[in-house]
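Take a look at the chain below, and keep the sequence to hand. We'll walk through it a few places at a time.

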Amino acid sequence: MSDLKPPSNARLWLLLAAAFGTFSIGAGFMHAYTVFLVTFIDAFGWSRAQVSLAYAVSQIVNGISSPLVGWLVDRLGPRRLILIGGSLLTAGLLANSWATQLWHIVVLYGVVMTLGANCLGLVVFVPLLSRYFVRNRGMAVSVVQSANGFARAFSAPAATLMISGLGWRGAYLWQGLFMGVLVLPLASLFRGVGQGGRRQSATDAEGWTVRQAVRTPHFWLLFSVYLFTGLGSFLVALHQLAFAVNIGFNQLYAAGVLGMGAFLSLPGVIVTGTLSDYVGREVSAVVTYGTSILGVIFGLLITSPDQHLLLWLHACFFGLTWGARGPAITAKTADLFPGPNLGAILGVITIGTGLGAAGGSWLAGFVFDTTGSYRVAFSLSIVFYVAGGIAFWALRRPPAIQA
């Protein structure tokens, strides 16, 4: 059943905070793989392309499972999805502590943990927040989207310290126990809101269906934006720490610098998302693409471990707008395709980011194994960011519902 009445203002802000916290926790465990990647190279002697495989599979699974997650949240509500996702994430983390083969990591991280984290992510929370925060939708989506950057900021230093003190197996074990303890409390925060069901008001019954949405050029432009953004971002993001270590920076120092840069995405995402409510989604998105490109350029200029300023500039400019396009893209999706099927529509469009992130993360590793450098990967990142900006700018006019 649908909610009988909208939550109070205090309850709305509590829901927003709960969505931020839940997404932060799930995303943090997933982003920690950037540190485990470096550890697996040393522990097992795997190549960068091999250890990138698990992350590439993760992004593909994230993309192709998003329509299912979107469909489920439209019908079951966020509380049940969090119970399902938290349980899967706990199981994957615990089982990873006993992994001995590459395929173990691919299945447990790439499939089990990813399915769990996807049930704690944007596809679950954006439809809920878009429904309740209408006038300031960009702000609400940007707050929860900023959790992704916040998770990147604390996950790398925290995972580095855990692995150094407990070993990578111990780190996975304790992460799994921590997630297991949090499942029920997190789910309880969403009790009584966003319940799925058949009863809908006349207003809710109106809106776009998935079939109608896919017949518009706007749907495919949004899909392309997600695809190009995923490629541009993950040609850099997954391998940032490996890139810095390969140049000669101390691993813990580099993790700290990159973590501080990622932390800037917290205000960066919120400011750009809120700004999109006033200056338009397209202008906000194009500004973030330009800022990210500057960050990549600073990375390309680094040639030795003595260039600390360039590392900080790379981390800060790239981190400032990490995920900053997300609020504009998801809010734009809600603007263009409102209605009770938003979760399913957003889920299908999100396949694009899964494919882009998978291709970018694996391609960066392959490029390094082939050339011994990340320079080609970083240069390709700029190309895809430009393509994403062009595709987003083409979304200025709203679509008409196709009969």
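**A walk through the model**

P338 is partly exposed, since its relative accessible area is 36%; buried means under 20% relative accessible area, exposed over 50%, and partly exposed in between (1.4 Å probe, protein chains only). This is a predicted model, in which local features need pLDDT of at least 70 and side-chain atom pairs count only at pLDDT 80 or more, while totals for chains, interfaces and linings use all residues. Residues are numbered from 1 along each chain as its sequence is written, and side-chain values use heavy atoms, with hydrogens and water left out.

Back to P338, then: the loop that holds P338 runs between helix 16 and helix 17 (342-349). Helices here (H or I, at least four residues) are DSSP runs, numbered from the N terminus. If you set aside neighbours within four places in sequence, P338 is in contact with G207 and W208, where contact means heavy atoms within 4.5 Å. P338 and L128 are 210 residues apart along the chain, and their C-alpha atoms are separated by 12 Å.

Now for helix 16 itself. Two packed helices are described by the angle between their axes and the distance between the axes. Helix 10 (residues 217-234) packs with helix 16 (residues 325-336) at an angle of about 170°, and the axes are 11 Å apart. The axes are lines fitted to C-alpha atoms, for helices over the stretch in contact, and angles run from 0 to 180 degrees between N-to-C directions; under 35 degrees counts as roughly parallel, over 145 as roughly antiparallel, 65 to 115 as roughly perpendicular and the rest as oblique. On the helix 10 side the meeting residues include H218, L222 and Y226, and on the helix 16 side they include R325, I329 and K332.

What else does K332 do? The side chain of K332 meets that of E282 in a salt bridge (2.6 Å, N to O), a term for a side-chain nitrogen of Lys or Arg within 4 Å of a carboxyl oxygen of Asp or Glu. This pair links distant parts of the chain, with E282 in helix 14 and K332 in helix 16, 50 residues apart. K332 is buried at a relative accessible area of 8%, and E282 counts as buried at 9%. By the rule above, the count comes to two salt bridges. R281 and D335 also meet through their side chains in a salt bridge (2.8 Å, N to O), with R281 in helix 14 and D335 in helix 16, 54 residues apart. Here R281 counts as buried, at 9% relative accessibility, whereas D335 is partly exposed at 34%.

Next, the surface. L275, Y278, V279, V283, V286, V287 and W393 form a nonpolar patch with about 650 Å² of accessible area together. Patches are made of residues with over 30% relative accessible area and no salt bridge, with like charges joined within 9 Å and nonpolar side chains (Val, Leu, Ile, Met, Phe, Trp, Tyr) within 5 Å; accessible areas come from the Shrake-Rupley method with a 1.4 Å probe, and for residues only the protein chains shown count as cover. Helix 13 (265-279) and helix 14 (281-300) each supply at least two residues of this patch. Y278, found in helix 13, counts as exposed because its relative accessibility is 69%.

Helix 13 also packs with helix 12 (residues 251-263), at an angle of about 20° and with axes 5 Å apart. That makes helix 12 roughly parallel to helix 13. G261, A262 and F263 in helix 12 meet S265, L266 and P267 in helix 13.
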